[in-house]
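Here's a walk through one structure, strand by strand and helix by helix. Have a look at the picture first, then read on.

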Amino acid sequence: MRAAILHKTGQDTLDVRDDVEAVGFGPGKVRVRLRAASLCHSDLSAMNGVLPQPAPFVPGHEGAGDVVEVGEGVTDLAVGDRVVLCWMAPCGRCAHCERGRSHLCVASLRRLGTPNFRYGADGEASGFYGTGTFAEEVVVERDAVVPVPADLPYELAALIGCGVTTGVGAAVHTARVEPGASVAVIGAGGVGVAAVQGARVCGAGRITVVDPVVSRRERALSFGATEALAPEELKAVAKGLPGGGFDYVFEAVGRSATVRAGYGAARRGGALVVIGAGAQDDLASFSMGELFFNEKRLLPSLYGGAPLAVTVALVVELWRAGRIDLAGMITHRVALAEVNDALAQMRGGEALRTVVTPG
């Protein structure tokens with residue numbers, strides 16, 4: 001089958017090959033024929049080493065497809081079921097899972113680097129965070145797939161495997177934005193636009209998007225943002241609000257500089273919600289005095305702040321009701337053979353979400 005492999009961390013391009021095999025099928029596993037994948041900025045972060053993922057690996061973690069084979073012990077899925085992939089598969093047994101916080105389960109991270117692809121004479125590769133959606137098929141743990149309705153188009157289903165659930169869930173589950181609240185979203189990529197839509201669903205009265213790219217700012221207005229600012233404008237606008245800042249600021253970039261800017265733009269007693277995936281060595285600094293005196297809440301939000309199945313069901317319900325726009329988030333489409341074009345589109349800032357189709 002065809003798949004795209006990154007052979008060494010730091011490389012800019014993927015090796016698209018036709019001699020790859022999805023391996024590791026057995027008890028508790030599921031084989032999925034992928035119908036659509038979506039490129040997320042986290043894939044680029046894994047490729048350049050910001051996110052830990054041993055190479056060689058097959059990037060891609062937003063994907064949707066059909067179950068084509070189930071292993072022994074898998075009784076709640078059947079061949080033909082439509083599913084999306086989960087890049088942090090919960091174990092179901094740890095303290096986080098037992099508390100209903102399965103999105104915090106780290107059991108799957110212990111399998112980073114475990115080969116689930118074979119290529120060439122003796123090459124082996126893992127899938128990004130146990131998935132690897134830039135392939136025609138993938139073998140994953142049962143808990144790494146979430147069933148979705150059969151009438152949900154594959155390319156829309158692919159989006160909700162990560163970026164949409166992360167942004168919408170951060171507004172609904174983590175921040176619990178109140179009707180009429182003032183919201184700022186720093187970063188108008190896929191996750192940021194999803195946060196804009198989540199804030200709109202919650203009934204936010206003012207949604208300000210902040211991004212250095214004019215076209216991205218303008219595009220965010222079509223998803224529910226009420227105003228768009230360049231980064232250098234944020235401080236002055238925030239100071240002019242009642243209370244001296246926004247009720248909620250969502251940081252969707254994953255950098256310490258934008259976290260600090262977001263903290264400064266939140267009002268006293270407000271909240272900074274961190275949803276951008278950043279580097280382990282990029283440190284944000286806060287004084288003990290400001291943390292105590294301002295009572296601003298720091299709310300990191302991982303994978304939507306709730307079990308993935310819960311957030312996926314919510315997003316599907318909102319999509320059915322016409323309350324969020326998934327199709328509009330897809331700005332580019334490429335075949336798997338052209339996946340390097342998709343990487344260039346995202347690096348250049350022109351793509352919100354690019355759908356990659358196998359074949």
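Strand β4 lines up antiparallel with strand β6 (residues 62-70) over eight bridges, and V30 sits opposite V70 of β6. Strands here are DSSP runs of E with at least two residues, helices are runs of H or I with at least four, and both are numbered from the N terminus; two strands count as paired if DSSP finds at least two bridges between them. This is a predicted model, where local features need pLDDT of at least 70, side-chain atom pairs count only at pLDDT 80 or more, and totals for chains, interfaces and linings use all residues. Residues are numbered from 1 along each chain as its sequence is written, and side-chain values use heavy atoms, with hydrogens and water left out.

| Partner of β4 | Sense | Bridges | A facing pair |
|---|---|---|---|
| β6 (residues 62-70) | antiparallel | eight | V30 and V70 |
| β10 (residues 137-141) | antiparallel | five | R33 and E137 |
| β19 (residues 353-357) | antiparallel | three | S38 and V355 |

How much of β4 is buried? Nine of the eleven residues in β4 (residues 29-39) are, so the strand is largely enclosed by the rest of the structure. Buried means under 20% relative accessible area, exposed means over 50%, and partly exposed is in between, using a 1.4 Å probe and protein chains only.

Now for the parallel sheet. Six strands make up an open sheet, ordered β14-β13-β12-β15-β16-β17, with parallel pairing. β14 (227-229) and β17 (297-300) are at the edges with a single partner strand each, so one side of each has no neighbour in the sheet. On average, neighbouring strands of this sheet are turned by 20° against each other, direction ignored. β14 is joined to β13 (residues 206-210) by three bridges, and E227 of β14 is the bridge partner of T208.

S182 belongs to β12. This residue is buried, at 12% relative accessible area. Neighbours within four places in sequence aside, S182 is in contact (heavy atoms within 4.5 Å) with R206, G245, F246, D247 and Y248.

Next, the helices. α4 lies across β15 (246-251), β16 (266-274) and β17, at about 135° to β15, while α5 lies across β12 (182-186) and β13, at about 170° to β12. Axes are lines fitted to C-alpha atoms, for helices over the stretch in contact, and angles run from 0 to 180 degrees between N-to-C directions.

α4 (residues 163-175) and α5 (residues 190-202) also pack against each other, at an angle of about 40° with axes 7 Å apart. On the α4 side the contact includes G163, V164 and T166, and on the α5 side V191, A194 and A195 are among the residues involved.

Helix α8 (residues 256-265) has S256, T258, V259, G262, Y263 and A265 as its buried residues. Their cover includes β12, α7 (234-239), β15, β16, α9 (288-294) and β17.

Finally, the cores: a nonpolar core is a set of buried Ala, Val, Leu, Ile, Met, Phe, Trp, Tyr and Cys residues joined through side-chain atoms within 4.5 Å. The largest has 78 residues, and F134 and I160 have the most contacts inside it. A second, separate core of 25 residues includes V183, A188, V191 and A204.
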